[in-house]
Amino acid sequence: LISFSGESGAGKTESTKHILQCLAAISGTKKNSSIEQQILEANPIMEAFGNAKTIRNDNSSRFGKYITVNFDSNGAIANAYVDQYLLEKIRIVSQAKEERNYHIFYCILAGLGNEERNKLKLTKATDYAYLNKSTPKCDTRNDAEEWKAIRHACKVLMFTDDELFEILRILAVVLHLGNIQYAAQSAKGIDSVAIKDPKLVEFIASLLEVDAKRLSTALITRTLEVHEGKVARALNASSAADVRDAFVKGLYGQMFEWLIERINVAMNNKNNANRQNPSEEKFRSVGVLDIFGFEKFEQNSFEQLCINYTNEELQQFFVHHVFKLEQAEYEKEGVNWKKITFIDNQDIIDLLARGRMSIISMIDEEMIVPQGTDQTLCAKLQQQHGKNKHFISQSSRQVQKSLLFGVKHFAGPVSYDCLNFLEKNRDTFSNDLKHVLAKSNNRLIKTIFPIESLNLDDKKRKPSLAAQFRKSL
């Protein structure tokens, strides 16, 4: 296992690429073999869809990946596999000042030819609400040239032209959905909204290959189960925007998972292997872990809490294997040695994610409590953990003015703003929109949203993002 650690911008992703290049170069694989090329060409695709410009780094990984490279008995690369962890989906719909959305959006807008651009009705980055208009460019990157590199990488990984265009359709859907605007209206004391540009929804529906009227209805209403059956409740402008944004995050997130699996299929093609009986061969493996680094910004939210918790777990893995287990072995064998003093961060992990009253557990619980809000969450965290030496509490007066709490991480103290914690943790889109997608005739939509995975039962609740996060770790 090769694991890279360090704060955001330290060079973990670049180091990962160098390691993969080294493994490809020193293996016994035939020069310029397909598997060797595919491992290297997977990076431009993953970076385009999962990396973005942040305040600290022009090519920051906003997801974690674990790459397993398998070698046969001759030392040649047989195949490879990528596991991906927790894409930062909130970035798709909003970015901090001076940051960008994922690279892929800027690449297609800069590099697409006129024919594809016209089919998808795409223009320039500043025309889209989901792209931070204050920073459409990134000085260290050439978006148009990178689009050429992405297309080349897709060919090496055996993506068909049809598959690539289906991906472009979903990317276009994301951008167009962000431009939907709502007009507030009221009738008989009930607030509701109408979509200002119905033609835009019709075009989005044509890209998704779903019924335009059903899509429009699902974007401005929510179906509820009552004793009498199901009733449609009108959404206000704020709720409708939340439904739209959750829909977009679900679309992009599922496409990203499919993309990684599609890369894995190519890198595990039997034609890559130089062996007679691949099923009978036992592999030796090298695993490379590249995951988001510790983050501390001027304003830190739910994403930073999850990222920093990941780094706490990585630190504990290091502490456990390098110090705890090794020193226990020395004691067992009676080795004459001087005990090494080290900082154990297990207490911080316990505060963050161990037990029913850990911070992450309390975030999950507040989502299902009646009238649970970001404000009540912050107050409960202060009350429950105020005396914990690793928790930084606010005074009563400060809590009333802000929603801040802090954690003394192994890498340093970080202050978190609870605003939007609960909404970010839900990570779901409405069942009404799931029902719309279930009727899609689009091949890629059918693939990334198979009916059995849509969970159309309103009574079943998808695990929160924090729950998924802990499970993956």
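Reply: Two strands count as paired if DSSP finds at least two bridges between them. The strands themselves are DSSP runs of E with at least two residues, the helices are runs of H or I with at least four residues, and both are numbered from the N terminus. This is a predicted model, in which local features need pLDDT of at least 70 and side-chain atom pairs count only at pLDDT 80 or more, while totals for chains, interfaces and linings use all residues. Residues are numbered from 1 along each chain as its sequence is written, and side-chain values use heavy atoms, with hydrogens and water left out.

Strand β12 (residues 404-409) is joined to β13 by 6 bridges, in the antiparallel sense. Within this pair, Val407 has Val414 of β13 as its bridge partner. Both strands belong to an open sheet of 3 strands with antiparallel pairing, ordered β11-β12-β13. β11 (391-392) and β13 (412-417) each have a single partner strand and stand at the edges, so one side of each is left without a neighbour in the sheet.

Two helices pack on this sheet. Contact here means heavy atoms within 4.5 Å. Axes are lines fitted to C-alpha atoms, for helices over the stretch in contact, and angles run from 0 to 180 degrees between N-to-C directions. Helix α10 (residues 302-333) touches β12 and β13, and its direction makes about 150 degrees with that of β13. Helix α13 (residues 374-385) touches β11 and β12, with about 45 degrees between its direction and that of β12.

Another open sheet has 4 strands in the order β1-β10-β4-β5, with mixed pairing. Its edge strands, β1 and β5 (77-85), pair on one side only. Strand β4 (residues 64-71) runs antiparallel to β5, and 8 bridges join them. Ile67 stands opposite Val82 in β5, and Val69 has Ala80 of β5 as its bridge partner. β4 and β5 form a hairpin with 5 residues between the strands, where Gly75 takes a positive phi near 85 degrees. Helix α1 lies across β1, β4, β5 and β10 (284-290), running at about 160 degrees to β10.

A further hairpin is made by β6 and β7, with 2 residues between them; Lys188 in the turn has a positive phi of about 55 degrees. Strands β6 (residues 182-187) and β7 (residues 190-195) run antiparallel and are joined by 6 bridges. One of the paired positions is Ser186, whose bridge partner in β7 is Asp191.

Helix α3 (residues 103-111) packs against helix α6 (residues 161-178) at an angle of about 105 degrees, their axes being 11 Å apart. α3 and α6 are therefore roughly perpendicular, where angles under 35 degrees count as roughly parallel, over 145 as roughly antiparallel, 65 to 115 as roughly perpendicular and the rest as oblique. On the α3 side the contact is made by Ile104, Phe105, Ile108 and Leu109, and on the α6 side by Leu168, Leu171, Val174 and Leu175.

Burial is judged by relative accessible area: buried means under 20%, exposed over 50%, and partly exposed in between (1.4 Å probe, protein chains only). In helix α11 (residues 346-353), the buried residues are Ile348, Ile349, Leu351, Leu352 and Ala353. Seen down the axis of α11 they fall within an arc of 160 degrees, so they line one face of the helix; the arc is that of the directions from the helix axis to the C-beta atoms. Just after α11, Gly355 has a positive phi of about 95 degrees.

The loop between β1 (2-3) and α1 (12-26) holds Ser8, and Ala10 is also placed in the loop between β1 and α1. Ser8 counts as buried because its relative accessibility is 5%, whereas Ala10, at 55%, counts as exposed. Apart from neighbours within four places in sequence, Ser8 is in contact with Thr54, Arg56, Asn57, Ser60, Gly293, Phe294 and Glu295. An unreviewed UniProt entry lists Gly6, Glu7, Ser8, Gly9, Ala10, Gly11, Lys12 and Thr13 under "binding site". UniProt positions are given in the numbering used here, with feature names shortened, and annotations may be inferred rather than shown by experiment.

Cys138 lies in the loop between α4 (114-120) and α5 (143-156), and at 3% relative accessibility Cys138 counts as buried. Not counting residues up to four places away in sequence, Cys138 touches Lys53, Asp58 and Arg100. Cys138 and Lys53 are 85 residues apart in sequence, with 7.4 Å from C-alpha to C-alpha.
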